[in-house]
Amino acid sequence: MTTTDPPRRSFVHRKLVAHGARLAEINGGLVAFEYGGQDESAAAARLGLADLSVLPRTGFKGAKVIPALEAQGIELTVPNQAVRQADGGLAAVLAMTEVLLLAPLSGDDSQIRTLERGWSLDQADGCYLVPRQDSHFWFALTGEKTSEVLAKICGVDLRLARFADLGIAQTSVARSNCVVIRADLGQLPTFHLLGDSASAGYMWDSLLDAMAEFSGRPVGLAVLQRTAASEVAPSHR
């Protein structure tokens with residue numbers, strides 16, 4: 001008798017369904033793929049909020065994390081900066097001793113899984129695996145009004161003219177610790193927010209509340225994938 005595990009659900013699954021999300025399965029998880037009946041491209045361009053929490057991500061820490069990951073083909077930079085990878089994913093250098101890896105919006109987990117499976121405690125030598133799939137939510141805030149929303153709930157100046165693409169802020173958003181990574185999709189301003197999964201529902205509601213003034217709303221992964229596909233990341237043109 002063959003059995004399969006049920007697909008994983010987002011930390012805010014019920015909230016997504018309540019908003020009318022149409023779900024799709026990616027890498028064993030249910031993602032809000034689209035919301036019917038509205039122009040999501042226009043919504044994302046103005047102010048959209050996407051839940052990416054079922055997409056793959058992981059982390060590594062340690063005194064030798066930078067050279068260890070670079071030896072595995074990960075392109076890295078200085079702390080509080082991110083680098084777009086050849087597969088479309090992101091490597092966020094939080095410190096010289098900590099790196100966060102986000103899969104591309106396609107959900108391709110091959111690079112992350114290769115790194116995780118190739119790591120062992122016996123051979124760690126200053127580079128230690130810190131899984132982030134279950135510990136951190138992952139939301140994406142998009143559109144021309146993103147900075148105005150973040151100004152309401154974050155003390156760091158995240159205006160588009162001041163906070164450059166691929167910049168990272170480790171700060172408080174809506175009074176909750178959060179990693180904010182700006183990684184635009186072509187001309188679409190995009191901020192990735194990652195924080196404690198226990199605060200996912202609170203953060204989702206706080207963001208939507210702050211967005212209401214600007215007519216922001218949830219958008220699905222599909223519109224972000226289409227936008228990413230229509231643009232080639234500047235560092236890989």
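**Sheets, helices and spaces**

Mentor: In this predicted model, Trp 138 has Leu 194 of E12 as its bridge partner.

Trainee: How many bridges join strand E9 and strand E12, and in which sense do they pair?

Mentor: Strand E9 covers residues 136–142 and strand E12 covers residues 190–196. The two pair in the antiparallel sense. The number of bridges is seven.

Trainee: Which strands stand at the edges of the six-stranded sheet?

Mentor: The six strands form an open sheet with mixed pairing, in the order E10-E11-E12-E9-E3-E13. An edge strand pairs on one side only.

Trainee: Which residue in E6 stands opposite Arg 84?

Mentor: E5 pairs with strand E6 (residues 90–95) in the antiparallel sense, over four bridges. Within E6, the residue opposite Arg 84 is Leu 90.

Trainee: Which residues of H6 are met by Val 149, Lys 152 and Ile 153 in H5?

Mentor: Helix H5 (residues 146–153) and helix H6 (residues 200–211) pack at about 115 degrees, with their axes 9 Å apart. H5 passes H6 in a right-handed crossing. By class, their contact has five nonpolar, no polar and one charged residues. The residues met in H6 are Leu 207, Ala 210 and Met 211.

Trainee: What is the volume of the largest cavity?

Mentor: Rolling a probe the size of a water molecule over the atoms shows where empty space is left. In this structure there is one cavity of 30 Å³ or more. The volume of the largest cavity is about 90 Å³.

Trainee: Which element gives the most to the lining of the largest cavity?

Mentor: The lining has 15 residues, and closest to the centre are Asp 87, Leu 101, Leu 102, Gln 111 and Ile 112. By class, the lining residues divide into eight nonpolar, four polar and three charged. E7 and H4 each supply at least two residues. The one that gives the most, with four residues, is H4.

Trainee: How many residues does H4 give to the lining of the second largest pocket?

Mentor: That pocket holds about 230 Å³ of space. Its lining has 13 residues, with Ala 68, Gln 72, Gly 118, Trp 119 and Cys 127 nearest the centre. Helix H3 (65–70) and helix H4 (110–118) are the elements that give two or more residues to this lining. The share of H4 is the largest, at three residues.

Trainee: How many charged residues does the lining of that second largest pocket have?

Mentor: The lining is divided by class. Seven of its residues are nonpolar and five are polar. The number of charged residues is one.

Note on methods:
Residues are numbered from 1 along each chain as its sequence is written. This is a predicted model: local features need pLDDT of at least 70, side-chain atom pairs count only at pLDDT 80 or more; totals for chains, interfaces and linings use all residues. Side-chain values use heavy atoms; hydrogens and water are left out. On a 1 Å grid over the protein atoms alone, a cavity is a set of points where a 1.4 Å probe fits but cannot get out, and a pocket is an open set with protein on both sides within 12 Å along at least five of seven lines; lining residues have an atom within 4 Å of a point. Grid points are joined across faces, edges and corners, and a volume is the space filled by probe spheres set on the points. Ala, Val, Leu, Ile, Met, Phe, Trp, Tyr, Cys and Pro count as nonpolar, Asp, Glu, Lys and Arg as charged, and the others, Gly among them, as polar. Two strands pair if DSSP finds at least two bridges between them. Axes are lines fitted to C-alpha atoms, for helices over the stretch in contact, and angles run from 0 to 180 degrees between N-to-C directions. A crossing is left-handed if the near helix is turned anticlockwise from the far one by less than a right angle, and right-handed if clockwise. Contact means heavy atoms within 4.5 Å.
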